Amino acid sequence: MKFLLTLYLFATFFVGLGSAQERPYFVTYSSDMEEPGNLEVSVKTLQASPKFANSFVSQTLELEYGATAWWTSEVYLSGQGTSSDSTIFTGYRWENRFRPLFREHFINPVLYIEYENLSADRSLLEIVGNDSIADLRIPNGVARRDIERELELKLILGSDFRGWNVSENFIAEKNLIEPEPWEFGYALGVSRPLQLAAGRKDCVFCRENFSVGAELYGGLGTLDSFGLKATSHYAGPAVAFNIPRGPTISFSPNFGLNDNSVGVIYRFNISYEFQQIFRRHSR
Amino acid sequence: MIRFMALLQNLPVVRLSPCFLLIFTLSCGAGDAPPFPSEAESTPAEDSIGERLFLDTRFAQYFAAHMTGVNAPLAVGDPVVATVPTPNGPLPGPFAGQSINCRSCHFVTEFQGVSGAGNRTYSDFTTRSPIPLVMNGFTETPRNSMHMVGSLQPHPGPTFLHSDGEFSSPADLVAATLTGRNFGWAPDQYQQALAHFAAIIRGDDGSSQLAKDRTNGLSYSTLFLGKDSSITSDLLIPAADRIDVQSASNEQILALVSKCIATYMGDLLFQQDEFGRYIGSPYDVFLRINHLPVQPNAGESIAQYNQRLYKIVVGLSNPKFVDGTMGNFRYHAQPFQFGPTELAGLKIFLKAAAVAQDGSQHAGNCASCHPAPDFSDFSFHNTGISQDEYDAVHGAGAFANLAIPSLAERNQNYDLYLPVTANHPNASERFRRAATAANPEYADLGLWNVYLNPDIPKPQASLKSIVCGAGKDCSVDNGLPNTIAQFKTSVLRDLEDSQPYFHNGSTLTFGDVVRFYIRSSQLARMGLLRNPPSEFKGMSLSDSDIDALVAFLKSLTEDYDDA
């Protein structure tokens, strides 16, 4: 536990020192893979004040490594702090993404598989099944009793056309220790840099360093009750600022689309990509 | 694969799929609230064994006096269990031909579907339960059998059991009951009771139908030893608890049995999901479908939660109501509903009058003692029911003039005032009795009998924290006068299935209950209620509130069936 906390704090500090090129998505995965040998470190922060519940902040440390051109592996470490409640480590995720087609196509599929071990998690990295605002009202002490060991599969479809990126995720999640049905969800994202070609001047606040977009995501019920009934959904704009030779900073307010959703979720991300980190040392 | 993808990308439906998904999603409607998850949790072995012990009819004095063998049925059963008294007359007893057991006063599904009876939340049907032998002048228990379901619901503050807080742990209650008056054992027969009890446990061979149904036909000695390979995992008690009953002392056996039954009692809870959110009643459904908070937030007190809930329900502009499409009752004739009348009742239930001068404010202040979500504060209050009973027999104002001794006088004259215990087997128990015309010194003072009672030491520290808690005046006799006629607050969930109500079973309907509170709070306002509760200052009810409050209390009903 102490090791994880140390690693987390170290990475949180380190992340402010580097550079990366990112799309402004928080929930949606694009078909982009991590460059082989590169390690991207991100800290995702989420803040929300659900109706009739204590406000909370969730933080997730993300370590993304490009193993090969067709395989990217990631580890997430998550924690959250709820006002008038407690600050806790909520667990980890380990995900792998595989890109079956090397060449670019109009639609580029990526297969995603993740194992997660979480309790009282509030990172909202995906919305599946009948996830709702009521889940966020459960005190940490009670919620921690329910440990979720889940398998998550995603079909990621990404398209790039004239600078626009459109990404679609279909999510299927299965609890491995409880007799619960498969849960489903979706995430859609669209984004575009403000300017496609770089300017002549080397500048920080140039339009080409900014990407804007929007995301839409939510639950699709379970295998027993597939559909939109009793599900929650969110949508919101997103912006990413790719600082030249520095980190990428992203921000997105997500708005709940129905009564099952939290009114507004604020998401903030800072990420940095280390180039060829392991290969450099191995030479 | 590449060709397939190329083909796919030319399909218009694929190009338009994001648009379809967008439209699909934006039509997601108002967001009907999802049901809370309900998951079956594993049950500790003590629970299954505890249930068998709870039902075992061999621990009573009658069995000891009439048995021909530990595992042989009785030739003639105890008359006390031959029938079960109900307000509509006696019904055949489910344990007829046997002797008394715990279930004899705490039924569940034994009378399911029986006209004039029905499911119970571990209570019986009568005002006071008949006991096997006349003892200390008692032919029945001093109080109404309190429903057990929900009584051990985890909650802030100490746990008390029995209407007067005589026990602070379920294991203590079980041990005292199995060896006490309710099982036919006199106060000075503790050692005999204990020896008989241990003999039953040691001699049991698991041949009874009960043993076959509950513990796979295994004997108590096998189960408690925990070594037999035929013991399934659900019946294997933890290694630390195991004993060899053949060599263990009688006290050790009683302690383990008490622990098993206590574990079983702890699992008697109203329907709730894995996060402790209640799910069984129309009221619970109403909160859920309106996205209202169903339990306190972390850091929020129960009282704060109830105040917040009141503000929210008062501000509800367009509530969704519960009807038969959202649930149904299997064991109750009434509709599964929470409509405008129930909502009006909820508001009255939660509302506290600023300064109640009369009954015009539609404020029940009920939640100050029966706060949601458990609908009990698990503490003690004087509702005035003892005074009501006493004055009904001896005339208005009689209870106010009843001579009640000081702490010193009481404890110096134990036999004269306090309940029977092993140390005082001949005590009069005069203040733990029903009021009768023949004995004007008889009354039920509830907690007063237990608080600072030297023969009942275990709950004293916890009781002191309640009686002399913040804001309480304990300057006189360490607060003993404040305990006069105080009784433990009932859990209101599924109250319908535990009538008659109050510690003396004096009311049969919710309407009568509300009418009593109107009357008693009026007495308090007039200064005519002895030891009035401070909560009555916030109660301002009139007859116009009865229908709504009754509807709300009915909306707390659920189909409890021990499943």
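**Strands and helices in a predicted model**

Colleague: Which residue in E9(A) stands opposite A:Gly185?
Modeller: Keep in mind that this is a predicted model. Strand E8 (residues 183–193) of chain A pairs with strand E9 (residues 210–222) of chain A in the antiparallel sense, over ten bridges. In that pairing, the residue standing opposite A:Gly185 is A:Gly219.

Colleague: And which residue in E8(A) is the bridge partner of A:Asn165?
Modeller: That takes us to strand E7 (residues 164–175) of chain A, which pairs with E8(A) over nine bridges, again in the antiparallel sense. E8(A) is mostly covered, with nine of its eleven residues buried. The bridge partner of A:Asn165 in E8(A) is A:Ser191.

Colleague: Is A:Tyr115 buried, exposed or partly exposed?
Modeller: A:Tyr115 sits in strand E5 (residues 108–118) of chain A, and leaving aside residues up to four places away in sequence, A:Tyr115 touches A:Trp94 and A:Leu151. Being buried would take 20 or more C-beta neighbours within 10 Å, and being exposed 12 or fewer. A:Tyr115 has 14 inside 10 Å, so it counts as partly exposed.

Colleague: What separation do the C-alpha atoms of A:Tyr115 and A:Asn175 have?
Modeller: Along the chain, A:Tyr115 and A:Asn175 are 60 residues apart.

Colleague: Over to chain B. Which residue in the turn between E3(B) and E4(B) has a positive phi?
Modeller: Strand E3 (residues 130–135) and strand E4 (residues 138–140) of chain B run antiparallel and are joined by two bridges. B:Met135 stands opposite B:Phe138 in E4(B). The two strands form a hairpin with two residues between them. The turn residue with a positive phi, at about 55 degrees, is B:Asn136.

Colleague: How does H6(B) lie relative to H9(B): roughly perpendicular or roughly parallel?
Modeller: Helix H6 (residues 190–203) of chain B packs on H9(B) with the axes 9 Å apart, at an angle of about 70 degrees. Angles from 65 to 115 degrees count as roughly perpendicular, and those under 35 as roughly parallel. So H6(B) relative to H9(B) is roughly perpendicular.

Colleague: How many nonpolar residues does the contact of H6(B) with H9(B) have?
Modeller: On the H6(B) side you have B:Leu194, B:Ala195, B:Phe197, B:Ala198 and B:Ile201, meeting B:Asn250, B:Ile253, B:Leu254 and B:Val257 in H9(B). By class, one residue is polar, none is charged, and the number of nonpolar ones is eight.

Colleague: What handedness does the crossing of H11(B) and H12(B) have?
Modeller: Helix H11 (residues 302–314) and helix H12 (residues 340–350) of chain B have axes 10 Å apart and pack at an angle of about 145 degrees. Among the residues that meet are B:Leu309 and B:Tyr310 in H11(B), and B:Leu343 and B:Lys347 in H12(B). The contact divides into seven nonpolar, one polar and one charged residue. The handedness of the crossing is left-handed.

Colleague: Which helices do the buried residues of H18(B) pack against?
Modeller: Helix H18 (residues 546–554) of chain B has seven of its nine residues buried, including B:Leu549, B:Phe552 and B:Lys554. The buried residues pack against two chain B helices, H12 and H17 (510–525).

Colleague: Last one: what covers the buried residues of H3(B)?
Modeller: Helix H3 (residues 45–55) of chain B is mostly covered, with nine of its eleven residues buried. Among them are B:Ile49, B:Arg52 and B:Phe54. What covers them includes three chain B helices: H7 (209–215), H8 (220–225) and H9 (250–266).

Key:
Residues numbered from 1 in each chain as written. Chains lettered and ligands numbered in written order. Predicted model: local features only at pLDDT ≥ 70, side-chain atom pairs only at ≥ 80, totals over all residues. Helix = DSSP H or I, 4+ residues; strand = E, 2+ residues; numbered from the N terminus. Contact = placed C-beta atoms within 7 Å. Pairing = 2+ DSSP bridges. Axes fitted to C-alpha atoms, helices over the stretch in contact; angles between N-to-C directions. Left-handed = near helix turned anticlockwise from the far one by under 90°. Nonpolar A, V, L, I, M, F, W, Y, C, P; charged D, E, K, R; others polar. Parallel < 35°, antiparallel > 145°, perpendicular 65-115°, else oblique.
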